[in-house]
Amino acid sequence: MPKRKAAIAVGGVAALGAAAILLPNANASQDHNQASGTTGAARTLKASQASGLSAQLQKALGDAFAGSYFDSGKQQLVVNVVSGDNNVIQQAKNAGAVVRQVKNSTSDLKAAATTLRTKATIPGTSWAVDPRTDKVLVTADSTVTGAKWNRLQSTVQSLGSGMATLKKSAGTFKTFVSGGDAIFAQTQQGGVRCSLGFNVTASDGSPAFLTAGHCGVAAKDWSDSQNGQPVATVDQAKFPGNDFSLVKYNDTSTQAPSEVNTGNGQTVQITQAADATVGETVFRMGSTTGLHDGQVTGLDATVNFASETVPGGTDTVNGLIQTNVCAEPGDSGGSLFTQDGGAVGLTSGGSGDCTNGGETFFQPVTAALQATGATLGNGGNGGNGGNAGNGAGDQSGSAAPSASAGDQSGAGDQSGSAAPSASAGDQSGAGGDQIGGSADPSASAGDQSGAGAGSADPSGSGSDQSGAGTANDGSSLTSTR
């Protein structure tokens, strides 16, 4: 990788169908459809515009603002308000939003989340605010049973009627060790595999990349091939609490283009960071499962992973993006991005797989850039509400018929479909599907399962995941390392 093109954002495992929708001009701007000169008329928006409008209204409405989401079908921003003040409602309508009066305020929902954190921090649980239901969505994986389930259920009920919903996940929450462009490390516990997220420039001007924090905590030196020499070294790593790492290339002359390799010779230029908006369509690239798409379902999510290092302990990560985009072990650290080149997140963990679907969580890129001081694309850190999602483009309807936001299992028929030549930035074997062993063996995304992650694929194909110590059976919440 040094003196060659550095690993491009996420993996080189992409199905042709899904990749085709990511051409730069796949969706034309819909600005011409916006209502103009009509007071109070809901505007037709792109997801990026909806994100910016939401940030403006949040400031303007103050305590009356109770969240928002993007209605991808109608391409409109829906804003929740708790005030019956006609002036507040008209103000939001005049800005072009659809206004919905709701019961729970933002402070109410945050208070509910605080209660959950205090009384129900149980491995295998998560919660996030869902503005579409005006409730906190609480999820428990298959490991939460008996007294733990009773405790969680009792806590949710104590929040009061209409404040939260509780559901069971068929899988297990875990970190998904493996991902976009494959990166590898060796530890005393065995081989570690993760995915490269996005190439960035470190604060000192050196080339670097972002990946998951649980990858950077697991190992310090990373290679672009399974048994190769290290080509990059962890500079900063945060996990738990957050889940991001800044990894600097050892060769300062390494070219690290700001783009995502979506396979079949196609790339998406990454121009800036983008804050996620509930309801928008996003794309995830990983070395295990390739390119998949889905929708953002929640923000500021808290996930309680079973600890990979402390038996019976909990690794809690806050402030995550929740989606219904599928992922599997080997996808950790990989890119979550928008059609028009906005870097949204780094794959952290979740439950399920790309056959049955599941819940997945991502570290926001905007927060990782702010914390590390790195810059992305044209030098912008993006995000912070108003500038969020400028690369999001017009997401609605952008997925191929077989890769719709709701159909996670079929997103481009990615799993195991990587072409050997589809490496991210000519990283030898980068982006291979190591989980199923269907790609070049050197194409693993940093076989992290051996890092005590226990996130091995149910089939045991998690690329040397046997060293995980607490290997999961695929039925609980896991990270994508």
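**View 1. The largest pocket, at about 1,000 Å³.** This is a predicted model, so local features need pLDDT of at least 70, side-chain atom pairs count only at pLDDT 80 or more, and totals for chains, interfaces and linings use all residues. Residues are numbered from 1 along each chain as its sequence is written, and side-chain values use heavy atoms, with hydrogens and water left out. On a 1 Å grid over the protein atoms alone, a pocket is an open set of points where a 1.4 Å probe fits, with protein on both sides within 12 Å along at least five of seven lines; lining residues have an atom within 4 Å of a point. Grid points are joined across faces, edges and corners, and the volume is the space filled by probe spheres set on the points. Of the 38 lining residues, Gln-58, Phe-65, Ala-276, Leu-299 and Asp-300 are the closest to the centre.

View 2. Helices (H or I, at least four residues) and strands (E, at least two) are DSSP runs, numbered from the N terminus. α4 gives the largest share of the lining, six residues. By type, the lining splits into 20 nonpolar, 14 polar and four charged residues. Here Ala, Val, Leu, Ile, Met, Phe, Trp, Tyr, Cys and Pro count as nonpolar, Asp, Glu, Lys and Arg as charged, and the others, Gly among them, as polar.

**View 3. Ala-66 in strand β1.** Ala-66 sits in β1 (residues 65-71) and is buried, with a relative accessible area of 3%. Buried means under 20% relative accessible area (exposed is over 50%, partly exposed in between; 1.4 Å probe, protein chains only). Leaving out residues up to four places away in sequence, Ala-66 touches Asn-80, Val-81, Val-82, Val-102, Asn-104, Ser-105, Thr-106 and Asp-134; a contact means heavy atoms within 4.5 Å. Take Thr-106: it is 40 residues from Ala-66 in sequence, yet the two are 4.8 Å apart in space, C-alpha to C-alpha.

**View 4. The open sheet β1-β2-β3.** These three strands show mixed pairing, where two strands pair if DSSP finds at least two bridges between them. β1 and β3 (98-101) are the edge strands, each pairing on one side only. From one strand to the next, the twist averages 25 degrees. β2 (residues 76-81) and β3 run parallel, joined by four bridges; Val-81 has Gln-101 in β3 as its bridge partner.

View 5. Axes are lines fitted to C-alpha atoms, for helices over the stretch in contact, and angles run from 0 to 180 degrees between N-to-C directions. Six bridges join β13 (residues 232-238) to β14 (residues 244-249), and Ala-237 has Ser-245 as its bridge partner in β14.

**View 6. Asp-243, in the loop between β13 and β14.** Asp-243 is buried, with a relative accessible area of 0%. Beyond its neighbours within four places in sequence, Asp-243 is in contact with Thr-211, Ala-212, Gly-213, His-214, Lys-238, Val-317, Ser-348 and Gln-363.
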